[in-house]
Amino acid sequence: MAGARCRTLYPFSGERHSQGLRFAAGELLTLLQVPDGGWWEGEKDDGLRGWFPASYVQLLEKPGMVPPPPGEESQTVILPPGWHSYLSPQGRRYYVNTTTNETTWERPSSSPGISASPGPHRSSLPTTVNGYHASGTPAHPPETAHMSLRKSTGDSQNLGSSSPGRKQSKENTITINCVTFPHPDTMPEQQLLKPTEWSYCDYFWADKKDPQGNGTVAGFELLLQKQLKGKQMQKEMSEFIRERIKIEEEYAKNLAKLSQNSLAAQEEGSLGEAWAQVKKSLADEAEVHLKFSAKLHSEVEKPLMNFRENFKKDMKKCDHHIADLRKQLASRYASVEKARKALTERQKDLEMKTQQLEIKLSNKTEEDIKKARRKSTQAGDDLMRCVDLYNQAQSKWFEEMVTTTLELERLEVERVEMIRQHLCQYTQLRHETDMFNQSTVEPVDQLLRKVDPAKDRELWVREHKTGNIRPVDMEI
């Protein structure tokens, strides 16, 4: 394959590959490397080299030969009278007989009813078109739970194609999301989008078997479940903080009530002053805990509760969008398979009528061959159209999967960081509350150190004494 020539079908910016080759539609490239995986290396006529998606180019029918530009073939290739050549929108050359309105992919020879290509069987498709083989079977890179899709975001490009001549048997292929991929054992692992990270965009392309054995769960659905679970955990954390606030409020209420209790209110002296300060410290502590509960509500509980209020609703929209793309991809794939079968039937019909012509020559048989050839050509056009629609759906699915999984990854990082910050705020408030509580008992400590039993006894005696003369002892 190396050294073959190809024509570009679509423009490619080259920005999504570290060594990407930039080109416009319709340019000619020389292939340098054609490994499996969907990316080929090529060289432009000006000597620039680089890598590009294999599905963005069309191999020329004869490697090493450059077809003439549209409208110039008649100057280099002699066509039979009435025949003219044109290029299809996909860049494939076809031929039209303006006299009989017959259309064919193959260059007609000077003999009517006989193709320029040898053999009775005629193909209505090029070797590869938009990542499909001539049979119409799509070629894909591996995509499993262990070998994910490796492709950059941004470029509207297909999932790639395998080698054009590669034949995939049932033993060497697997079907994921209604798309047939080569078996991982037969294909080399491609480069990760984020090789240094365990990123969502690399490991959730396939379906995962339900642990209960009730079927499979789409990889994207697992990501959504992770996000919704995170939202639920965040809600439960908020409820936990709310319970903590209730405890603080009830505790403050009980402290304030206790500080108004009249028990031991008649204690006198320095001990009485210390006891009064103990009761006052309870009132101060109650106020501290009320402030703590208010800050917990405004700075921890409320932000946790209000963070992404419409998160679940947004996730449902995202899920429906990706699910619709998967359904569309499956529908496009079914259309390709239907068109491929139709092309096979038309080719068999053409081959049968050609064999009949070899047995019995008649004008009616030749006319039947022309009709069969036109139907075969039309079937080939239908298949190419279905292939193009499939590739578009596949590219859209890929782009949305990569973009959405990266967004879910960003949202999860943001959620975890937000919760971490608010829990840090919770611990900071706890430290501040402990400091304020400590400050309420410091006056009590100071007064307790000043309690003097002797002095209190002296003051009490001075205030309550009745006299200092003892009664005279009586003699009998």
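First, some housekeeping. This is a predicted model, where local features need pLDDT of at least 70, side-chain atom pairs count only at pLDDT 80 or more, and totals for chains, interfaces and linings use all residues. Residues are numbered from 1 along each chain as its sequence is written, and side-chain values use heavy atoms, with hydrogens and water left out.

Okay, the overview. The protein has seven helices and 14 strands; these are DSSP runs, H or I with at least four residues for helices, E with at least two for strands, numbered from the N terminus. Of the 476 residues, 41% are buried. Buried means under 20% relative accessible area, exposed means over 50%, and partly exposed is in between, using a 1.4 Å probe and protein chains only. Now contacts, meaning heavy atoms within 4.5 Å: taking those between residues at least 6 apart in sequence, 65% join residues at least 24 apart.

Now the helix pair. How do α3 and α4 cross? Helix α3 covers residues 219-259 and helix α4 covers residues 269-306; their axes come within 8 Å and cross at roughly 165°. Axes here are lines fitted to C-alpha atoms, for helices over the stretch in contact, with angles from 0 to 180 degrees between N-to-C directions. So α3 and α4 are roughly antiparallel, the label for angles over 145 degrees, while under 35 is roughly parallel, 65 to 115 roughly perpendicular and the rest oblique.

Let's zoom in on α3. Ser238 sits in this helix, and Ser238 is buried, at 0% relative accessible area. Skipping neighbours within four places in sequence, Ser238 contacts Glu301, Leu304 and Met305.

Met237 is also in helix α3. Is Met237 buried or partly exposed? Met237 is partly exposed, with a relative accessible area of 30%. Leaving out residues up to four places away in sequence, Met237 touches Leu304 and Ile419. Met237 and Ile419 are 182 residues apart along the chain, yet their C-alpha atoms are separated by 9.0 Å.
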